[in-house]
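We will go stop by stop, and at each one you can check what is described.

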Amino acid sequence: MLLPKTNIEQKLSSIKKKRILAEDIDLKQVYSILSNLDNELDRIENNVIIGNGVANNKFNIDLLNSDKIYHTKEIKQICIDYRLRFLDTKYFKGTILAEVLSKIKALEKEHNTEIKGFKIIAPSKLFKLEDKDDPLLFAPIGNGYYYLIHQWGNDLHPFRKLLMWPFKNMANLIILVLLISFLVTLMIPNGLFSKSSTNAQFWILYFFMFKCIASVVIFYGFALGKNFSPAIWNSKYYNS
C-alpha cells in the first residue's frame with residue numbers, strides 16, 4: 001500500500017492552526033493578567049478618590065524610607081509658610097497620574113497591605129480646579145505621622161514663601177500695609193496739596209494712605225471670606 005503524498009498546503013494549514021491555538025492560550029493569559037492589573041489599579045484609584053481618612057495603614061516600618069516620614073507638625077508648618085492645604089484626596093480636583101497608582105501598587109505589594117486614607121498637600125486652587133502646581137500624596141502611618149508616596153507636577157514659585165508671608169498672621173499683614181502705605185506716600189509729588197512740604201504734611205498723607213489701603217485689604221478679606229494660613233491649612237471649606 002502506497003503512502004499518501006504529503007500535501008504541503010494541508011501541513012502548513014495544520015501548523016498555522018496549532019500556532020493560533022497556542023497564541024490564543026497565551027493571549028488569554030496576557031488578557032487575564034492585564035485584567036487583574038486593571039482591577040488592581042481601579043481599586044487603588046478608587047481608594048485615592050474616596051480618601052476616607054483612616055487613622056493608619058499596616059506598613060512594615062523596617063521597609064519604609066525614614067526620609068519620607070513626616071509628622072503633622074512639620075506638614076502644618078510647611079502649609080502655613082507656603083499657604084498650602086493638607087486635605088483628604090476626596091477633595092482633590094487635579095489629575096491622579098498612572099505613575100502614582102503604580103507607586104501605590106508597588107508599595108502595597110512590598111508591605112502586603114491595602115493602603116487607604118490618602119491625603120494631599122497642594123495649593124488651595126487644586127482643591128477647586130485643575131492647576132499645574134505640585135501636589136504631594138501621603139498615606140497615614142499612625143500617631144500623627146504620614147508617609148510621602150509621590151510628588152508630581154511643577155515646583156512652586158521660588159518666591160511663594162515670601163509672597164505668602166503677609167498671610168501668616170495679622171502682624172505680618174499690618175507690617176505689609178504700613179510698608180506699602182509708606183512707599184505710596186513717598187510717590188506723591190511734593191507740593192501737590194500745598195506749596196511747601198513739611199514733616200507733618202507727610203505723616204498726615206501717610207496716615208490717609210494707610211487707612212485707604214487697610215480699608216481695601218479688610219474689604220477684600222471679608223468679602224471673599226479669606227483667613228490666615230494657620231486657620232486654613234487643613235480646612236475643607238472653599239472660601240477659607
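Here, buried means under 20% relative accessible area, exposed means over 50%, and partly exposed lies in between (1.4 Å probe, protein chains only). Before setting off, note that this is a predicted model, in which local features need pLDDT of at least 70, side-chain atom pairs count only at pLDDT 80 or more, and totals for chains, interfaces and linings use all residues. Residues are numbered from 1 along each chain as its sequence is written, and side-chain values use heavy atoms, with hydrogens and water left out.

**Stop 1**

Select cysteine 79: at 0% relative accessibility, it is buried. Now move to cysteine 212, which is partly exposed at 35%.

**Stop 2**

Helices (H or I, at least four residues) and strands (E, at least two) are DSSP runs, numbered from the N terminus. Two strands pair if DSSP finds at least two bridges between them. Colour the five strands of the open sheet and follow the order β1-β5-β4-β3-β2, paired antiparallel. β1 (69-71) and β2 (84-88) are the edges; each has a single partner strand, so one side of each lacks a neighbour in the sheet. From one strand to the next, the twist averages 35°.

Zoom in on β2 and β3 (residues 119-123), an antiparallel pair joined by five bridges. To find one place where they meet, select arginine 85, whose bridge partner in β3 is alanine 122.

**Stop 1: helices across the sheet**

Axes are lines fitted to C-alpha atoms, for helices over the stretch in contact (heavy atoms within 4.5 Å); angles run from 0 to 180 degrees between N-to-C directions. Show helix α2 (residues 72-82), which lies across β1, β2, β3, β4 (136-142) and β5 (145-151) and runs at about 75° to β1. Helix α3 lies across β4 and β5, at about 135° to β5.

**Stop 2: the nonpolar cores**

A nonpolar core is a set of buried Ala, Val, Leu, Ile, Met, Phe, Trp, Tyr and Cys residues joined through side-chain atoms within 4.5 Å. In the largest one, with 23 residues, select Phe92, Ile104, Phe118, Leu137 and Ile149, which touch the most other members. Two or more residues each come from α1 (8-50), α3, β3, β4 and β5, and α3 gives the largest share, four. Centre on isoleucine 104 and, leaving out residues up to four places away in sequence, you will find it touching Ile44, Val48, Ile115, Phe118, Leu137 and Ile149. Another core of 10 residues lies apart from this one, and Ile75, Ile121, Phe138 and Tyr146 are among its members.

**Stop 3: salt bridges**

The structure holds four salt bridges, each a side-chain nitrogen of Lys or Arg within 4 Å of a carboxyl oxygen of Asp or Glu. Select glutamate 108 and arginine 43, which meet at 2.6 Å, N to O. This pair links helix α3 to helix α1, 65 residues apart. Glutamate 108 is buried at 7%, whereas arginine 43 is partly exposed at 23%. Arginine 43 also bridges to glutamate 114, with the closest N and O atoms 3.3 Å apart.

Next, pick aspartate 81 and lysine 168, a salt bridge of 3.1 Å, N to O. Aspartate 81 is in helix α2 and lysine 168 in the loop between α4 (160-163) and α5 (170-187), so this pair ties together parts 87 residues apart in sequence.
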